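Dear colleague,

Please find below the sequence and structure that I am handing over to you. My notes on the findings follow directly after them.

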Amino acid sequence: MSHNTFGHLFRVTTWGESHGPALGCVVDGCPPGLTFTLAEIQAFLDKRKPGQSRFVTQRREEDLVRVLSGVMPSEDGQTLTTTGTPVSMMIENTDQRSKDYGEIARRYRPGHADYTYDVKYGIRDYRGGGRSSARETAARVAAGALARKVVPGLTVRAALVQIGKHKIDRARWDWAEIDNNPFFCPDPETVPVWEDYLDTIRKAGSSVGAVVEVVAEGVPAGLGAPIYAKLDQDIAALLMSINAVKGVEIGNGFGAAEITGEENADEMRMGNDGQPIFLSNHAGGILGGISTGQPVIARFAIKPTSSILTERRSIDADGNNVDVRTKGRHDPCVGIRAVPIGEAMVACAIADHYLRDRGQTGRLSAGHALQD
Ligand SMILES: Cc1cc2nc3c(=O)[nH]c(=O)nc-3n(C[C@H](O)[C@H](O)[C@H](O)COP(=O)(O)O)c2cc1C
């Protein structure tokens with residue numbers, strides 16, 4: 001009943017709160033012999049860390065990751081090799097400001113977890129949201145960096161595709177652009193539109209929602225199972241576990257409800273190499289809960305940050321009607337920093353299913369050849 005662990009064979013437990021001394025994760029079940037460097041893990045944490053532009057929270061955290069266990073260092077002083085024992089990773093919190101939260105110690109921010117937390121536990125670390133703070137997601141990003149190493153040839157990338165009502169033009173999608181702007185936006189022409197819009201939102205002390213798209217390539221065919229271990233089911237669960245996520249789609253997602261069977265069918269032809277060729281990918285790379293070998297595509301919708309400067313009606317822990325205005329440092333659009341988190345959760349889901357597939361089938365590579 002701990003509810004702080006996910007995954008079956010690639011099993012991740014996270015720990016820590018927003019205003020505690022540190023947070024981290026323990027990855028149990030990581031296969032022995034994976035090699036990585038601290039810099040590789042850090043690169044993903046750097047994408048998520050706060051304070052990198054005026055469009056995200058100004059909390060200053062370096063988010064430097066330390067690996068405490070489960071690895072053997074090499075002579076080059078850089079490379080770490082997993083030993084098959086639990087890999088524990090830790091990130092210190094260095095820029096807590098508890099006084100910002102004094103006013104909401106007993107007042108419930110509408111749209112945040114304050115009320116439900118009190119109802120459930122009767123005790124709440126109100127400083128920065130405690131365990132319900134997205135500080136915890138730094139640990140998931142560290143676990144995700146390791147997960148990427150589990151599946152040979154796997155690439156998981158994500159991009160922000162919508163802020164408020166402003167969507168990218170998908171015809172201009174260019175992966176090379178996502179590191180050239182503060183939004184992980186793949187469409188350079190949308191960047192100035194988002195900048196102007198978010199500046200207005202930010203200066204008004206308001207917030208806005210967003211949509212993130214995750215694309216995993218190099219996912220072998222055959223991962224997942226037809227019912228209670230559907231790959232799409234587990235990806236959706238992990239994406240939905242991210243703070244502020246209110247909707248998840250796989251492939252066409254809700255768009256599938258608007259089209260006909262002819263339009264939705266991913267037609268197939270036999271390729272010269274003995275492998276099938278899919279003529280489209282409406283399914284998002286998963287059919288019957290099992291990966292097809294095409295890119296796995298998932299999108300998730302993030303709600304607007306609930307901590308805003310405009311007064312909202314609420315109640316306090318003593319049962320009084322109050323008005324709440326949230327000061328402190330907040331992301332005006334949490335969808336931006338959710339991009340690397342979404343990548344991490346999809347990487348963890350795929351790594352877990354990859355190991356489960358090997359465990360069940362006994363094969364080292366997923367998927368039968370058609371002639372078998
Ligand atoms: C990267 C990231 C940063 C976030 N930062 C804030 C924040 O600064 N202020 C805030 O009120 N909520 C923030 N949130 C959202 C809250 O953590 C979330 O809304 C809250 O835990 C309630 O959970 P729910 O929205 O899933 O119901 C953030 C979420 C993410 C993914």
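The residues that line the largest cavity divide into 3 nonpolar, 2 polar and 4 charged. In this grouping Ala, Val, Leu, Ile, Met, Phe, Trp, Tyr, Cys and Pro count as nonpolar, Asp, Glu, Lys and Arg as charged, and the others, Gly among them, as polar. The lining itself consists of R109, A113, D114, Y117, R124, D125, Y126, G129 and S132. The structure holds 1 cavity of 30 Å³ or more, and the space in the largest cavity is about 30 Å³. A cavity here is a set of points, on a 1 Å grid over the protein atoms alone, where a 1.4 Å probe fits but cannot get out; lining residues have an atom within 4 Å of a point. Grid points are joined across faces, edges and corners, and the volume is the space filled by probe spheres set on the points.

Please note that this is a predicted model, in which local features need pLDDT of at least 70 and side-chain atom pairs count only at pLDDT 80 or more, while totals for chains, interfaces and linings use all residues. Residues are numbered from 1 along each chain as its sequence is written, and side-chain values use heavy atoms, with hydrogens and water left out.

The ligand site

The ligand is surrounded by 16 residues, and the closest are S132, A244, K303, S307 and H330; a residue is counted if one of its heavy atoms lies within 4 Å of the ligand. Polar contacts (pairs of N or O atoms within 3.5 Å) can be described for three of these residues. A backbone N or O atom of S132, a residue that also lines the largest cavity, lies 2.8 Å from an oxygen atom of the ligand. A polar backbone atom of A244 is 2.9 Å from a ligand oxygen atom. For S307, an N or O atom of the side chain is 2.5 Å from an oxygen atom of the ligand.

A244 also has a positive phi of about 75 degrees although it is not a glycine. A244 sits in the loop between α5 (231-240) and β12 (245-250); helices (H or I, at least four residues) and strands (E, at least two) are DSSP runs, numbered from the N terminus. A244 counts as partly exposed because its relative accessibility is 23%, where buried means under 20% relative accessible area, exposed over 50%, and partly exposed in between (1.4 Å probe, protein chains only).

Other loop residues

T326 lies in the loop between β19 (321-324) and α7 (338-361). With 6% relative accessibility, T326 counts as buried. Leaving aside residues up to four places away in sequence, T326 touches R109, S307, I308 and L309; contact means heavy atoms within 4.5 Å. Of these partners, R109 belongs to the cavity lining and S307 to the closest residues around the ligand.

D63 is another non-glycine residue with a positive phi, near 50 degrees. D63 is found in the loop between α1 (38-48) and β5 (65-69) and is buried, with a relative accessible area of 1%.

A176, in the loop between β10 (166-167) and α4 (191-203), counts as exposed at 55% relative accessibility.

G293 is located in the loop between β16 (290-291) and β17 (296-302). G293 is partly exposed, with a relative accessible area of 41%, and touches V219, P220 and A221, not counting residues up to four places away in sequence.

Yours sincerely

How values were computed. On a 1 Å grid over the protein atoms alone, a cavity is a set of points where a 1.4 Å probe fits but cannot get out, and a pocket is an open set with protein on both sides within 12 Å along at least five of seven lines; lining residues have an atom within 4 Å of a point. A polar contact is a pair of N or O atoms within 3.5 Å; within protein, one must be able to donate a hydrogen and the other to accept it, and residues adjacent in sequence count only if both atoms are side-chain atoms.
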